[in-house]
Amino acid sequence: MSVKVYVPREATARSLGADAVARSIAEEVARRGAAVEVVRNGSRGMFWLEPLVEVETGSGRFGYGQVQVRDVPELFASGFLRGETHRLSQGPVASIDYLKRQERLTCPRLGVVDPTSLQDYVAHGGGAGLRRALSLPPAEIVRQVTDSGLRGRGGAAFPTGIKWQTALQAPGERKYIVCNADEGDSGTFADRLLIEGDPFCLIEGMTIAGLAIGATRGYIYLRCEYPNAFDILNAAVAQAYQGGYLGADVLGSGRTFELEVRLGAGAYICGEETSLLESLEGKRGQVRFRPPLPAIEGLFKCPTIINNVITFASVPIILERGAAFYRDYGAGRSRGTLTIQLAGNVAHGGLIERAFGMSLRELLDDYGGGTFSGRPIRAVQVGGPLGAYWPPSKFDTPLDYETFAAAGGMIGHGGVVVFDDTVDMAAQARYAMEFCAIESCGKCTPCRIGSTRGVEVIDRLIGASPVPDGYSGADSQEVLLRELCDTMQYGSLCALGGLIPLPVLSALDHFSEDFHQSNRHRVSRS
Ligand SMILES: Cc1cc2nc3c(=O)[nH]c(=O)nc-3n(C[C@H](O)[C@H](O)[C@H](O)COP(=O)(O)O)c2cc1C
Ligand code: SF4
């Protein structure tokens, strides 16, 4: 029997040399005439260990971290095919603390399976949710999702069951399932990791959604900057067709579900669901007025469920284990698990799936291990480019939607970006406004014009440009900035313009010293 050696095919690992390592292992195997099968798995989500090479042994999978081509002959010589110790050894992978302390309900197969093997997916429990769904009437599938308490993981945390119920009840001969895989938030990668590591789980979740509302066609709108995910996803879709998981007769049930992958248009606003639908219809990505909601009138004016990758990927386990099992995890009205993405200036960046309720401090200390630079953490931004900047005094806030919102933040898609004490928070606030100006779809005035004016006001506030005659100094500019943010928050058509005040004002409120002109020489350190 051959030994299985796993080398990730995921983009981070590849960017760190995983392809060359896989080739080098194959060459060494040929030289030695060893019986070895090299499997290209997904990433476990421990980026500082990539490329993480794993070897399957009788006592589980043993890991070797940060492997480079030059290490390969030495690994063979020291008996890594038997899991023996080497300076790069990480021991049994499942026992690595970072992984052991996670609750992987949505991502149990991440880094474990070959993402392009349907057989491997099924061998690791995949498909059980779909089989159960096929035995249930549509309303019962929707009830399971509703009762589980699952809320959308794309950012807005809308109850998934209510959305599905609306689409189920909406009249229409044709209905659609659309997956939002545009993943535009800074510091986020959970969608990509899931697609590159366990794409059949997403396909299964979308197929269950199709059964739930009577939709026979689905689209995955994938961020165009994800070419590796695109290849893996297309390979998985092709296999799912071959294996009878997609097509005109899903698992012999006589039910149809067709699925296609489409590349996104490359704009942040195309992640907003109505812009995404415009883009999918071949038009320029611009926000639609609501109502009607997409669940009633979405793609090509048909009832459409649009959900995030992680939302769909959470559905199979809910159907397999039942709503109560999933609901049992979490805190308050935030049920189940959150896939947190830890990024920025952090020692141990990666994916952490835990039940809602863990504090930010626990996340940063126990998982993150401090900053990469070794300097103190000064701020984190949670929730992507529209999320608040928080100082350490707020780190005890638990990660659940309501508590976070009550504390003036938002969890969004679960991205957490860490900054050390060299960060210039006025520059971060300016960047938020600039980002909005660049990415605005232009449909409404508060966002289109307000964001550009916002950059100008911040420049005047910090003394980077002169204050016009008739305005008296920095205070007037701060009043102006706050009024502008108020207009954007309440007057914008969608959450891009509506939420950009959050990073701007949180920076101003918690790090006001960086905005004072007298301090600017000090904060220009970054
Ligand atoms: C400016 C903007 C960008 C967004 N980008 C994304 C995105 O990249 N991925 C995503 O899933 N949701 C994104 N959303 C949220 C979607 O509009 C929508 O709420 C989500 O796709 C619904 O799926 P869910 O209920 O599963 O979260 C964005 C929203 C806004 C306002
Ligand atoms: S807030 Fe900005 S992105 Fe949203 S609709 Fe208005 S102009 Fe477009």
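Trainee: Which strand does a hairpin join to β3, and through how many residues?
Mentor: This is a predicted model, so read each feature as part of a prediction. β3 covers residues 53-57, and five bridges join it to a strand at residues 60-64. The hairpin between them passes through two residues, and the strand it joins to β3 is β4.

Trainee: What is the bridge partner of Y6 in β3?
Mentor: Start with strand β1, residues 3-6. Two bridges join β1 to β3, and these strands run antiparallel. For Y6, the partner in β3 is E54.

Trainee: Why is β3 largely enclosed by the rest of the structure?
Mentor: Count the buried residues in the strand. Buried means under 20% relative accessible area. β3 has five residues, and it is largely enclosed because the number buried is four.

Trainee: How many salt bridges does a search of the whole structure find?
Mentor: Side chains of opposite charge can pair when their charged atoms come close. Here the cut-off is 4 Å from a side-chain nitrogen of Lys or Arg to a carboxyl oxygen of Asp or Glu. Over the whole structure, the search finds 39.

Trainee: How many residues apart are R192 and E10?
Mentor: Their side chains meet in a salt bridge of 2.7 Å, N to O, and both R192 and E10 are buried. R192 is in helix α9, residues 190-197, while E10 is in the loop between β1 and α1. The pair links distant parts of the chain, and the separation is 182 residues.

Trainee: Why are R143 and D147 separated by about one helical turn?
Mentor: The side chains of R143 and D147 form a salt bridge of 2.8 Å, N to O. Both residues belong to helix α7, residues 138-148. They are about one helical turn apart because their spacing along α7 is four residues.

Trainee: Is R151 buried or exposed?
Mentor: First place the residue. R151 meets E402 in a salt bridge of 3.0 Å, N to O. R151 sits in the loop between α7 and α8, E402 sits in helix α16, and the two are 251 residues apart. E402 is partly exposed at 28%, whereas R151, at 9% relative accessibility, counts as buried.

Trainee: Which residues do salt bridges that share partners join into one network with K163?
Mentor: Look for charged residues linked through shared partners. Together with K163, the network includes E272, E273 and R290.

Trainee: What is phi of Q66, and what is phi of L251?
Mentor: Q66 is in the loop between β4 and α3, and at 45% relative accessibility Q66 counts as partly exposed. L251 is in the loop between α11 and β8, and L251 is partly exposed at 25%. Neither is a glycine, yet phi is positive in both: near 55° for Q66 and about 50° for L251.

Trainee: Which element gives the largest share of the lining of the second largest pocket?
Mentor: That pocket has a volume of about 170 Å³. Its lining holds 18 residues, with P108, R109, G125, I317 and E320 nearest the centre. Two or more lining residues come from each of α6, α10 and α13. The largest share, five residues, comes from α13.

Conventions
Residues numbered from 1 in each chain as written. Chains lettered and ligands numbered in written order. Predicted model: local features only at pLDDT ≥ 70, side-chain atom pairs only at ≥ 80, totals over all residues. Heavy atoms only, no water. 1 Å grid on protein atoms, 1.4 Å probe; cavity = no way out; pocket = protein on both sides within 12 Å on 5 of 7 lines; lining within 4 Å. Points joined across faces, edges and corners; volume = space filled by probe spheres on them. Buried < 20%, exposed > 50% of the residue type's maximum accessible area, 1.4 Å probe, protein only. Pairing = 2+ DSSP bridges.
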